[in-house]
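My notes are below the display.

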Amino acid sequence: MGAPKSPASSAVRWSFGIATLLAVGGVATAQSGAGDGQDGRTQARPVFALDHHMLRTVCLDLLGRPPLPEERAEWLDKDLRDFLKQTTSGLEFWEHWLEEQLYFFLLIDNFRPENEGVKAVPEKLFEGRLNPREAVHRIVLSPSFELRNPGADTFVTVVMEQLAGMRVQKRIRDLEIGKALYDGKPGTFLKHHGDSQADVVKICVESKDFAREFISREYERMLHRAGPKKPLSSWSRSFHKDPAEYRDLVRTWMTSEEYMRRLEEQHPLSNRAFVNALHVDLLGRMPTRAEAEPMREALDGLGDSAPLRSILARLLLDSGRVRVPSKGELSSRRDWAASLFPRFFGREASVTELDAICEALDEPSCQPSTILYALLSHPEYHRF
Amino acid sequence: MTLRSNRRDVLKLGAAAGALTGLGGWGLAQDGRGRTQSTPAMEGDEAPTVKRVIFIAMAGGVRTRETFGTPANVPNLQMMADDGVLYPRMRTSNLGHFGATMSIFTGISEARGIRDNARGTDPTMFEYLRKDLGLRQSDVWVTTSGGPQQTNYSYSVHPDYGPKYGANTLDGDGIFNKEFKELLDTYGRPKAMEESEQDLLDKVRRGIGRTEDKAENAAATENAAKVERYILEELTRGTSTLRGANSGDAKALRVARNLVSLFKPKMTGVVLQNADIAHGSFNGYSEVIRRNDEAIGEIWTAVKEDPELADSTAIFVLPEFGRNKDLNSRRGLDHGDGSDDLRYVSGVAWGPGFGKGRVVKDDVRTIDAMYSACDALGASPELAKGQKLKRLLA
């Protein structure tokens, strides 16, 4: 089978085509009774209609946070493809992308790049003045990367491993040549001439190996699984040829059969996503960096961060910053409890769950904050 | 069934200690080549002498020249060696800090990327101990210094082991730092929960989620409560204010000392990292070694002064690899020249039943240490490729 010429043609093979969905039956074409327009025309339910679960999951996978209250209001029951188009065209998509890249290179805490070149990356990507390959190149050339990976051996090893996906133990000769380049000696490194540390980076970042490694890593980050071999190699070729196509690839992946399968699974919420989720779900906004970083760093310091996540949830609930209704303010305890499940878990509550919460709320010592705490410290909140 | 596995099963079942006497790994020890040799047998109903292990991976790349080659840098380690067993020829693999340190815990040379940030595929010593000895998570702790990467040492993704046998892992610098403490001070500490509210909380937690969540929830509750309490208390003890070139290592060692004194875990692992400052500063590197030796000395003193720990605790200390033979252009030391300074390090073992003042000049490997630590406690690291450290026992 020949390689597709563009990500769009990959999408044909790897997406739920409209035809497929139509064949499923009523799902795609069903007319919503309540959806009848005032002009008498019927409205078809979108092919990829966003429900609470899909919206929460897609937001976390793409933006590293759950949907904001206004997004829930705007996008529920709307088409995933429209949501993807809007989201991947926004600045926030690239801001999150940069955070993920910095985390991948472990350029965090004291090693976080503070130079203007890296700080400007999201905006330049958003404006189309930079593509992802150039952005990665810029990150790796930052002084922070050098500080994080000091010395010829460490620097060249990390560049070969993280940019080109090579195992240096199997490429000892290339490593030695790379180290010589790092020290300013001329040489042929991975079939290209160079004589500087910058050349080591340039040669790796412009290689086909980089495209393959980058695309494979990004696919895995968003779909939580290794990419299918053949499409991966075709996507890598497309990316190598035109890195600006990255966004189209992401949209293709997020409407693929594989992503629909991912939606049926639960994956662990990373510590950084947990910190964002806690703020969005309780305060309706993203945390500032000053709020998020100490929390993330502390959570990353634990092999099992659940106990500290629990402390942080309580900390926020008890801080007086979260608007928690009193028992007296709840006109219907059951309705209030039911409203929490789509918000926190991306699903409706079961009758048994609502019974358990209402029964607890009948006890004098149980407050609404007790219920919020129980949900936020529950294992289900730590997956998505 | 081997003698060792027989003993392990007996331990697991909690059978009478008398049954252990003739079967114990310490009764019949194997040398490095698998041959058995007799060692002093335990008397009567005596339990195994080693009940707890403190295992310090002095990672970050530390040469013998700056440790036992310059005894003034490491007076405490030298004293420990004088009272224990010194291995000046421990062979390592230069697999990068992450891979080489992981190898120390898995007993298998692991080729890993320097900045890989994922669990290993082979079980760690912590998983062997928890599974074989039926230990609770609160019995096995690891304190680290190197951030998120090092928390991966707590457990592997091996299908027969994995998270349910993981260690409690704390990165000293990640949690006990000024910024986090300030954040807690700004938000205010969480209110103490009354018993009745706690009961209701548990009841609500049990009432929600899928069936499998309920089991996970219940299992995690006891350990989580303990860790929660510990973290909040540790934040008031001054660990957050430790400063200096080795502040990350100092915190890992301080947390370990406090854990050993407070909880007396069966296994306390410590992973250091700050010696890697050597890339840019030889003097800074030497200072880190001196300070870490001092902090290790504090742990050793805490053990010797605690009657419950003094005669039942073993300590292992070893680097993951050394450093280059020669200084680089920045007057620092990299790691990558393949020299003996890089490939061989010195490790020390001290504990009840171990040799005293012995120097074993034969080659051993860094991956052998975990094997001996597991064996001392009665666990069998079945997939590890190491062997017992030669001539460890008295």
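Predicted model: local features only at pLDDT ≥ 70, side-chain atom pairs only at ≥ 80, totals over all residues.

Residues are numbered from 1 along each chain as its sequence is written, chains are lettered from A in the order in which they are written, and side-chain values use heavy atoms, with hydrogens and water left out.

Interface. I find 64 residues of chain A in contact with 58 residues of chain B (contact: heavy atoms within 4.5 Å). The two chains bury about 5000 Å² between them, 60% of it on carbon and sulfur atoms (accessible area, 1.4 Å probe, lost on being put together, summed over both). The rule gives two salt bridges across the interface (a side-chain nitrogen of Lys or Arg within 4 Å of a carboxyl oxygen of Asp or Glu). I noted Lys203(B) with Glu359(A), whose closest N and O atoms are 3.3 Å apart. On the side of chain A that touches chain B, H21(A) gives the most, with nine residues.

Helix H6(B), residues 178-187. I listed its buried residues as Phe180(B), Leu183(B), Leu184(B) and Tyr187(B) (buried: under 20% relative accessible area, 1.4 Å probe, protein chains only). They lie on the same side of H6(B), because they cover an arc of only 95 degrees around the axis. They pack against H19, H20 and H21 of chain A together with H5 of chain B. Helices here are DSSP runs (H or I, at least four residues), numbered from the N terminus. Just after H6(B), I read a positive phi of about 90 degrees at Gly188(B).

Note on methods
Buried < 20%, exposed > 50% of the residue type's maximum accessible area, 1.4 Å probe, protein only. Helix = DSSP H or I, 4+ residues; strand = E, 2+ residues; numbered from the N terminus. Arc of directions from axis to C-beta.
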